[in-house]
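Have the viewer open as you read along.

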Amino acid sequence: RDDFVYRVTVGELPFVTRVFPLGGQEGALTLAEVEGYNLHWGRVPLDTRAGGGSMREAAWRHGTGITNTVRYAVDDLREEIESEPNDAPPRVPRVALPCIVNGRIDRAGDVDLFAFDGRRGEEVVLEVKARVLGSPLDSVIRLLDAQGEVVAWNDDYVPEGLTLRALGLQTHHADSYLRAKLPRSGLYYARIADVRGHGSVDHAYRLRLSAPRPNVELDVTPSNVNVPAGRAALIDVHALRKDGYDGDIDLFLDGHAPEGFDLGGAFIPRGQSHVAMTLAAPAKGPTTPFELKLGGRIKVGRTVVERPVLPADNVMQAFLWRHLVPAEHLAVCVQKGGGRFQAVALENDDALTIRRGGKAKATFRVKGRVAVKSLRFEPIDPPEGILLGQTRFAGNGFSFEVKATRDAPKTGETVNLIVEAFFEGVVPARDRNGKPQKRAGTRWSRSLGLLPAIPVVVR
């Protein structure tokens with residue numbers, strides 16, 4: 001197709017084909033071994049500074065050129081390097097949990113084992129990052145007890161949904177993950193191999209051995225948002241829940257956001273991995289594009305943890321697979337508002353609680369003069385069983401009924417209702433110059449943009 005575009009660069013270019021280890025500990029000096037073409041050095045530093053996210057990319061300047069981009073991972077756990085022999089007991093190194101082991105399945109048929117002590121009822125996680133970091137390894141992992149019996153195993157692990165930043169543009173989800181409860185106290189083994197029996201010095205991996213670390217990775221799409229002045233634009237926040245975290249996620253604007261911007265429906269209920277919400281702009285905002293930052297807040301045990309919401313774009317590859325492709329910034333541009341319809345705000349940010357077969361009222365305030373009785377409202381992809389009812393106008397504001405049908409899902413969880421506003425009128429018999437108009441009497445409609453998201457709970 002016309003949009004299948006490419007660039008080819010030809011020459012004696014520096015090109016990295018292999019990196020080891022595939023990442024490093026946050027804040028620790030990490031020098032990675034590199035091999036490839038036209039390279040005059042064998043080691044490069046990895047940026048492990050705090051705040052950069054768990055999955056990172058780097059390219060290195062080489063003379064007058066620059067290398068290709070390489071992906072690597074950063075974690076805050078202690079790191080170890082695999083040492084051979086470790087194919088079978090008793091030649092198996094013991095590791096202390098939690099840790100990350102950097103290793104290689106360095107020949108066909110090779111397996112790596114790591115021994116650790118566990119207690120009955122303790123929950124452990126084995127997680128591999130290899131293919132997502134460019135390694136050809138197609139991992140399979142097994143958790144074995146002291147007698148070599150399999151407690152749990154996993155080949156390919158695909159988190160819920162396909163639009164996942166953590167997988168990059170990969171369509172072969174070859175990395176492994178398992179979470180298991182230990183049946184008894186004693187010695188255990190973590191075993192990793194290539195499921196096809198392949199191996200080479202290229203087959204590198206990072207194996208995390210730890211207790212579950214409930215967490216979440218957050219992304220916002222799209223990375224470029226055009227929002228009308230005084231109104232709202234639709235954005236989506238995606239949550240990749242990790243190690244069993246299933247709680248609520250509160251979303252917020254970074255403290256450096258320009259005054260007057262507001263998030264509508266900024267909440268992801270427990271168990272859900274996505275929310276459609278709105279970003280509202282003030283009637284008079286920045287006149288040039290600017291970078292906006294979002295954050296997420298979760299509660300792990302009694303500890304409140306804040307996580308960055310990283311910008312991305314939801315794109316399709318090969319007509320089926322969808323991916324969250326990382327972007328550098330969340331860029332926002334405020335467009336000039338139309339007419340005197342300056343700003344709309346939801347009067348009460350609390351969720352509307354509706355019983356099945358019942359209704360509730362959403363009330364909005366309008367800043368600026370506008371013939372509110374000429375407004376029409378339409379829901380965009382409304383939640384199942386949620387309908388708009390009668391609209392009422394009062395002064396410089398309006399309200400409408402939100403109804404829940406008798407068969408609406410009774411989840412008790414918050415969902416967002418997104419509504420678009422239209423300004424309607426009739427073509428007059430004559431124009432401003434008094435000339436008759438051919439389309440006199442014809443009704444017309446113009447979109448005024450989105451209203452702030454309306455949180456709804458069906459009980």
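Predicted model: local features only at pLDDT ≥ 70, side-chain atom pairs only at ≥ 80, totals over all residues.

Let us look at how S1 is held to its partner. S1 and strand S3 (residues 30-37) run antiparallel and are joined by 5 bridges.

**The protein as a whole**

How many helices and strands does the protein have? There are 0 helices and 38 strands. The C-alpha trace spans about 95 × 60 × 40 Å along its principal axes. Of the 459 residues in the protein, 44% are buried. Among contacts with a separation of 6 or more, 66% are between residues 24 or more positions apart. The protein exposes about 24400 Å², and carbon and sulfur atoms supply 49% of that area.

**Cysteines and a tryptophan**

A disulfide is a covalent bond between the sulfur atoms of two cysteines. The structure holds 0 of them. Is Cys99 buried or exposed? Cys99 counts as buried because its relative accessibility is 0%, under the 20% cut-off. Cys333, with a relative accessible area of 23%, is partly exposed.

| Residue | Relative accessible area | Class |
|---|---|---|
| Cys99 | 0% | buried |
| Cys333 | 23% | partly exposed |
| Trp444 | 33% | partly exposed |

**Aromatic rings**

A pair of aromatic rings is described by the distance of the centres and the angle of the planes. A search of the whole structure turns up 9 aromatic pairs. One of them is formed by Phe423 and Trp444, a tilted pair with 5.8 Å centre to centre and 50° between the planes. This pair links distant parts of the chain, 21 residues apart: Phe423 lies in strand S36 (residues 414-426), and Trp444 lies in strand S37 (residues 443-450). Trp444 has a relative accessible area of 33%, so this residue is classed as partly exposed.

Which residues form an aromatic cluster? Phe364, Phe377, Phe398 and Phe400 come together in one.

Methods:
Residues numbered from 1 in each chain as written. Heavy atoms only, no water. Pairing = 2+ DSSP bridges. Helix = DSSP H or I, 4+ residues; strand = E, 2+ residues; numbered from the N terminus. Disulfide = S-S within 2.5 Å. Buried < 20%, exposed > 50% of the residue type's maximum accessible area, 1.4 Å probe, protein only. Contact = heavy atoms within 4.5 Å. Areas by Shrake-Rupley, 256 points an atom, 1.4 Å probe, with all protein chains shown as cover. Phe/Tyr/Trp six-rings, centres within 6.5 Å; stacked < 30°, edge-to-face > 60°.
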